[in-house]
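Q: I'm new to this kind of thing. Could you walk me through how to read it, feature by feature?

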Amino acid sequence: MPASVDSSRPKVLIPEKVSPDGLALLKDQFDVDQKPGLSPEELKNIIGDYEALIVRSETKVTADLLQAAKKMKVVARAGVGVDNVDVQSATQHGVIVVNSPSGNINAAAEHTIALLMAVARNIGDADASIKAGKWERSRLTGIEAKGKTLGIIGLGKVGLTVARIANGLGMKLIANDPYANANLAAAASVSLKGTLAEVLKEADFLTLHTPLIASTKGMIGAKELATMKPTARILNVARGGMIDETALVEALDAGTIAGAGMDVFTSEPPKPDSPASRLIAHPKVVATPHLGASTKEAQENVSIDVCEQVVTILNGGLPRSAVNAPIILQEEYRTLQPFVNLIERMGSLYTQHYMTNRAASGTSTKSFRTTFDITYEGELAGLNTTKPLFAALVKGLLTPITSSDGLNINLVNAELVAKQRGILINEQRSRENVDDKPYSSFVTLRARASRSSSHARSDVSRSSSPSVTRQPQSQAQDADQVIQGFVSGNKPYISRLDRFKGEFVPKGTLLICRNFDSCGKIGYVGSQLGKAGVNIRFMSVAPLYEDVEEVGEAGREALMILGVDGRVDDAVIGKLVDKDGVLEASVIEFE
Ligand SMILES: NC(=O)c1ccc[n+]([C@@H]2O[C@H](COP(=O)([O-])OP(=O)(O)OC[C@H]3O[C@@H](n4cnc5c(N)ncnc54)[C@H](O)[C@@H]3O)[C@@H](O)[C@H]2O)c1
Ligand SMILES: O=C(O)[C@H](O)COP(=O)(O)O
């Protein structure tokens, strides 16, 4: 019987143009139907026959479509962004969504360099001019890349690749990425700057390579553009929405920014008369229609990557890049889920408390932590596998600083992701007796100070986004950072945060303040939050872990942990961190 009419073979539908290199991997085992140009209605009518769907960015995989996809096991996105897939609905239907987070890195980096050169040498303008029959040599004089400073915002996979190519062009490289790995940056000849402002001030070319997340949305607006050199040129091959398009058009008009190379826009394709359309039409702008990933090679890579994953899933395995794959397998769920939950929250608390959303009085210092020790004590030490706990830690550390579609950590890929980011995680087990405690297992997460990182036992290494920490004034700059927790009644508790002990549940929005342990501090914080309309749900005080006599009166501090409803914005934090108030405050969001 010919393969195509064997009704027992799973069926794969491809309603868009996807490179044939990956599709060849499917054809031995599955019936593959390529049907470009289907209307949403036609797609819905036939989707019920298929076990797998492979798309790029054009097909809208809606909740309605997934409802009709009764046999569907996997939706594969041949690229990174899954904005066109209703991932939540897929999860509800038990459909795994996979993507290809690395297949188009080089293409995006090379496109950035292409735009840089095009902007430097007026290529778009010159091309239009000569095609119009003109010969304008002096008007179109450009500048060279060699010797110029390239400011890179976001030194991840694409940013680092851009840096390596630009290094070959003789450019001076500077970058801002609070989570960048200092070793990888140094190896690429990039000098890391502590603030975005420093990069903006020095850059001759500025290129953006961050995900579009809350902290990067609108990160380059009128205020930031005003601090740049009037000769500076800006490139964006990441995502629309990070640059205020109206402000950029105004700066180009005013001559306070010299040019721009844009591949991505707030609305795609741009609506007529939108700020994106005005930017594209600007004579100082070279624009491309989201072509960063559109090379033959990148399309082959992403096609092979996702088709391999479709084969794995349809054969009952776990994919390497699932957007919504579980961290734990069904059979381990009951034992491990509470600890997966705890450890993911400990990782998230680490990143948010030490690296983001933190304000402190006085001068703060940033430090990069990439070596972690995680110790499992009590019953947990006897587990056959700690892989899900490891994956939960990597996920917790990285999720607060990555877009949901850029990094999908699961059981299969956690180790690889950690390795790519240069994070070392040493797992240790201790059978210390916890009989006298209200819990059976206990977890300690220790971020090593750089002085001790060279002694790290690297039995497990994974990636992590490097950390920038504003350290507490009273904490030695080279002290380890410690978080401890346990599970009781299936609920996660944090029991130690650095030098402070006190139990709290890592849930909802928490405001964590460090203060001198003196009268009036709780009242001060309560009154500032009250004025800002922020409701306090609960409050817990964590005193020093050490003997107070050892730290002396000056070091007598405590933590206040408040569960709050409502937004604690920078203005409120600014009021809290005050001589009458607290020494430091951070806002932590848990799902
Ligand atoms: N135009 C295209 O076709 C195309 C193709 C591929 C990737 N992309 C986009 O390029 C961007 C980068 O992709 P990637 O694979 O390098 O991602 P990545 O996750 O490897 O790197 C992102 C980096 O940004 C850093 N970062 C996060 N928040 C930051 C902040 N507030 N300030 C400075 N740095 C911050 C992270 O620490 C990380 O190092 C993404 O937006 C991705 O969607 C676009
Ligand atoms: O998300 C991506 O992978 C890139 O932005 C490219 O998307 P595309 O497949 O639509 O070119």
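A: Helices (H or I, at least four residues) are DSSP runs, numbered from the N terminus. Here we have a predicted model, where local features need pLDDT of at least 70, side-chain atom pairs count only at pLDDT 80 or more, and totals for chains, interfaces and linings use all residues. Residues are numbered from 1 along each chain as its sequence is written, while chains are lettered from A and ligands numbered from 1 in the order in which they are written.

Q: At what angle do the axes of H15 and H16 cross?
A: At roughly 45 degrees, with the axes of H15 (residues 387-398) and H16 (residues 414-421) coming within 9 Å. Angles under 35 degrees count as roughly parallel, over 145 as roughly antiparallel, 65 to 115 as roughly perpendicular and the rest as oblique. That's why H15 is oblique to H16.

Q: Which residues make that contact?
A: Two residues are in contact if their C-beta atoms, placed from the backbone, lie within 7 Å. In this case H15 brings Phe390, Ala391 and Val394, and H16 brings Ala414, Val417 and Ala418. For classes, Ala, Val, Leu, Ile, Met, Phe, Trp, Tyr, Cys and Pro count as nonpolar, Asp, Glu, Lys and Arg as charged, and the others, Gly among them, as polar. The H15 contact with H16 has six nonpolar residues, no polar and no charged.

Q: How do H14 and H15 cross?
A: The axes of H14 (residues 333-354) and H15 come within 7 Å and cross at roughly 30 degrees, so H14 and H15 are roughly parallel to each other. By class, their contact has eleven nonpolar, four polar and three charged residues.

Q: Which residues come nearest to ligand 1?
A: A residue is near a molecule if its C-beta atom, placed from the backbone, lies within 6 Å of it. Of the 36 residues around ligand 1, the nearest are Gly154, Gly156, Val158, Tyr179 and Gly292. Helix H7 gives the most to this shell, with three residues.

Q: What does the chain's pLDDT average?
A: pLDDT is the predictor's confidence in each residue, from 0 to 100. The chain averages 86, and 86% of the residues score at least 70. Over residues 452-476, though, the pLDDT is below 50.

Terms used. Axes fitted to C-alpha atoms, helices over the stretch in contact; angles between N-to-C directions. Helix = DSSP H or I, 4+ residues; strand = E, 2+ residues; numbered from the N terminus.
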